[in-house]
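Subject: Structure handover

Hello,

Please find the structure below. My notes on it follow.

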Amino acid sequence: MTDESLEFDHASVLAKCARGEHDALHQLYVYEGARLLGVVLRIVKDRGMAEDIVHDACLNIWQRANSFDPAKGSARTWIFSVARHQALNAIRYRDREITFDIDDPTDINLDEHFQHSSVVEEAFDWQTGQRMDDCLHQLETERRNCVLHAYVDGLSHAEISAHTGAPLGTVKAWIKRSLLRLRECMA
């Protein structure tokens, strides 16, 4: 451990995050952001994905800072474990995705993937689709467009940023907040 790492008080910064002090999260990101990216990048092996995960991990750290318990370990370890778990969850999610070639109709066999499960029934639940459409229209236009670009067009956060001209961090925040609003609306 270097003298520099001894000077940065991770526990104090987490306590400030728990009190809602935005500057504390910025300090944490400036101090640990590159190392968090390095850890996540070693796990996911994709820089764009790693950047998104570090962003999400920082939001998660901010939201859960009050759950940090110094009796269970160091603040720095807790911070890195949040990022590590976020990366591992992203890999699990990525590994569950079903991919097929949209240009090859013989490649699309839903029965093989779903076996007429409740997932298919839910996917074709028109009432749910209508509710989702109503909820989407409650979002501001830019935010709705970002969500649609991400989940319908399949664009990455960076591609959406380039497409819309909005800063990358703004796009990520809009999508994250919009998904929370959609979840509340659909409940």
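Cys185 is partly exposed, at a relative accessible area of 27%; buried here means under 20% relative accessible area, exposed over 50%, and partly exposed in between, with a 1.4 Å probe and protein chains only. This is a predicted model, in which local features need pLDDT of at least 70 and side-chain atom pairs count only at pLDDT 80 or more, whereas totals for chains, interfaces and linings use all residues. Residues are numbered from 1 along each chain as its sequence is written, and side-chain values use heavy atoms, with hydrogens and water left out.

Disulfide and other cysteines

The whole structure was searched for disulfides (pairs of cysteine sulfur atoms within 2.5 Å), and one was found. The bond runs between Cys135 and Cys185, with an S to S distance of 1.9 Å. The torsion about the S-S bond of Cys135 and Cys185 is about -80°, so this disulfide is left-handed. Cys135 belongs to helix H8 (residues 126-137) and Cys185 to helix H11 (residues 168-186), so the pair ties together parts that are 50 residues apart in sequence. Helices are DSSP runs of H or I with at least four residues, numbered from the N terminus. Cys135 is buried, with a relative accessible area of 5%.

Cys58 takes part in no disulfide; the nearest cysteine sulfur belongs to Cys17 and is 9.0 Å away. Cys58 is buried, at 8% relative accessible area. Cys146 is also buried, at 0%.

Packing of H4 and H11

Helix H4 (residues 47-64) packs against H11 at an angle of about 60°, and their axes are 11 Å apart. Axes are lines fitted to C-alpha atoms, for helices over the stretch in contact, and angles run from 0 to 180 degrees between N-to-C directions. H4 and H11 are therefore oblique to each other (under 35 degrees counts as roughly parallel, over 145 as roughly antiparallel, 65 to 115 as roughly perpendicular, and the rest as oblique).

The contact (heavy atoms within 4.5 Å) is made by Glu51, Asp52, His55, Asp56 and Leu59 on the H4 side and by Gly169, Lys172, Ala173 and Lys176 on the H11 side.

His10

His10 is in helix H2 (residues 10-18). With 8% relative accessibility, His10 counts as buried. Leaving aside residues up to four places away in sequence, His10 touches Leu28, Tyr31, Glu32, Ala75, Arg76 and Ile79.

Regards

Technical notes: Helices (H or I, at least four residues) and strands (E, at least two) are DSSP runs, numbered from the N terminus.
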